[in-house]
Amino acid sequence: MLQTKHSEACLPWYFNYPTAPQFSAAIGAEAYGEWLGGLSANDPVSLYIHIPFCRSMCWYCGCPTTITQRDPPNQNYVAALRGEIHLVSELTPQALPVSDVHFGGGTPTLLEPTEFLALTELLRRRFAFRQKTAIAVEIDPRTFTAEMAEALSAAGVNRASLGVQSFDPSVQKAINRIQSVEQTATAVENLRQQGINRINIDLIYGLPNQTMQSCVQTATVAVAMRPQRIAVFGYAHTPSSNKHQRLIEKAGLPDSAARAEQAAAVAETLVAAGYREIGVDHFALPDDELALAQKTGRLRRNSQGYSADTCKTLIAFGASAIGRVGEGYVENAGALEAYSQHIAAGRLATSKGYRLIGEDRVRGAIIERLMCDLEADVPAICAAHGFDWTHFLDSAERLAMLADDGIVDVENGFIRVRHGHRILLRSVAA
C-alpha cells in the first residue's frame, strides 16, 4: 500500500525550512540581536509567546511542556517573559507594527487572568497593535474558566484554539487525557458569550485504541459545535525523543493503512459538513480567512501551522520558542532555568539558530507552496530567486518514485499532488 511505502511517521511537518534539527549553536544571541536591529520599522511582524505549563501530561504530546500543580512557577516564568519582551523591543526599531499574536504552549490559559492581561498590556506598550491585529490563544477546556474567558476578551483575543484530540473514552484513557464533551461545549459557550467567535478545534487520528468509527464520531461531535476551523493531525509516535510517549502501548496503535482510513473518513465527514480542506491537516468553513487565503493563493505555513499571515518576521518569546527574522531562524534555550538566567542577566536567551542561504529560501518556497496549494511551479519560484530550476528537480531523487507510483504529476518543472493523495503531502515535500 502506498501509505505504508511512503510512510510519513518520521518526516518533518514543515512548519519551517530548514527544520529545527538543522539549527546550530553557531547562531546565538549576538546574531539575533543584529538581525533584530536590522528590521524595518514599517514592516509588520508576528509575535509568538510560549507558555510551557500544563496541569497534567498528555502522553501523546510532542510539545515542550512542564507539569505544575501550583502557580509560582508560572509567575516566575512570566517575570522572565516580561524581561525578554523589554530586551527584544529595545533592540528593534521603535514600536514595530503587529499583524498577529499567538499564545501557545503548554496551556497559556493556566496564567491568572490578571497575569494574562498584564502581559498583553506590556506587548501593546512595546509594539504597535492595530485595530485588525489578530490575537489567538490555545486552550485546554479542562482547566478553562469563565473568568479567563472574560480576561481573554478584555485583552483583545479574537481567536481561540481548543485541544480535544478524541472524545472516545477508551482513547482518552490510553493517552491520559480525560475530557468530556460537556467540558468542551462549556468552553466554547464561554468564549462565544465574550464575543470570541473565531474558534478552532484540534483533533488527532492514529492514537491508541482509535478506530475509524470513533474518529468519525469525534469529528461529528466537533462539527455540532460549529467551530470555524478543525485541525486533524496524525499522531507521531516518537518515544525516543518524547519519553512520556513510552507510556503508550505501541500494540494499540493503528498501522499505516488504518491511519490512512481514519484520516480519509474524518476528511469525508468534515467536507460533508461544509468545511473546506486546507493543506494537509486543516479544515475551515468557506468564509474563514484560511479558506479565503487558499482561494486567492495567499495561504502560508509557519510555526503556528496554516495562516493567512503574510509577515516575513516572527518574533518569538519564551523557553524553546522559535522565531524567524529576515536572515534566518532562532531558538531560545529550552530549559526553564537556563532561559530565565539569560534574561535575568540582561541578555537574549537564543541558544541556536540557522542563517538562511539562497538555496534554502528556494527550497523553503517550493515546500511551502506544496504544503499550502498541493502544487508548486518550480521554474517560476526558482526564477524569482535567480536559480536554475533543473538543479532542484535533478536533486529530488525521491520525486521520480512518487511520480511512478501515481502520487504526483511532474511536467516541465510543475509539481502537482494527485487527488486522493493529500495524506502523503509531507512525503512530496521531503
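Q: Helices (runs of DSSP H or I, at least four residues) and strands (runs of DSSP E, at least two) are numbered from the N terminus; where does that put Leu-374?
A: Leu-374 sits in the loop between α12 (358-373) and β17 (375-377). The model is predicted, so local features need pLDDT of at least 70 and side-chain atom pairs count only at pLDDT 80 or more, while totals for chains, interfaces and linings use all residues. Residues are numbered from 1 along each chain as its sequence is written, and side-chain values use heavy atoms, with hydrogens and water left out.

Q: Why does Leu-374 count as buried?
A: Buried means under 20% relative accessible area, exposed over 50%, and partly exposed in between (1.4 Å probe, protein chains only). Leu-374 has a relative accessible area of 13%, so it is buried. Its phi is also positive, at about 65 degrees, although Leu-374 is not a glycine.

Q: What is known about phi and burial at Ser-320?
A: Phi of Ser-320 is near 70 degrees, a positive value in a residue other than glycine. The relative accessible area of Ser-320 is 13%, so this residue is buried. Its place is the loop between β13 (313-317) and β14 (322-325).

Q: Is Glu-411 buried or exposed, and why?
A: With a relative accessible area of 59%, Glu-411 is exposed, because the limit for that word is over 50%. Glu-411 belongs to strand β18 (residues 408-411).

Q: Why is His-50 called buried, and what does it touch?
A: His-50, in strand β1 (residues 45-51), has 3% relative accessibility and therefore counts as buried. A contact means heavy atoms within 4.5 Å. Leaving aside neighbours within four places in sequence, the contacts of His-50 include Tyr-77, Leu-81, Gly-106 and Ser-320.

Q: What makes the pairing of His-50 with Tyr-48 a polar contact?
A: A polar contact is a pair of N or O atoms within 3.5 Å; within protein, one must be able to donate a hydrogen and the other to accept it, and residues adjacent in sequence count only if both atoms are side-chain atoms. The side chains of His-50 and Tyr-48 make such a contact at 2.8 Å.

Q: What makes a group of residues a nonpolar core, and which residues have the most contacts inside the largest one?
A: A nonpolar core is a set of buried Ala, Val, Leu, Ile, Met, Phe, Trp, Tyr and Cys residues joined through side-chain atoms within 4.5 Å. The largest one has 75 residues, and Leu-47, Ile-49, Leu-152 and Ile-315 have the most contacts inside it. Helix α3 (residues 72-91) gives the largest share of this core, seven residues. Another core, of 34 residues, lies apart from it, with Tyr-14, Tyr-17, Ala-284 and Val-362 among its members.
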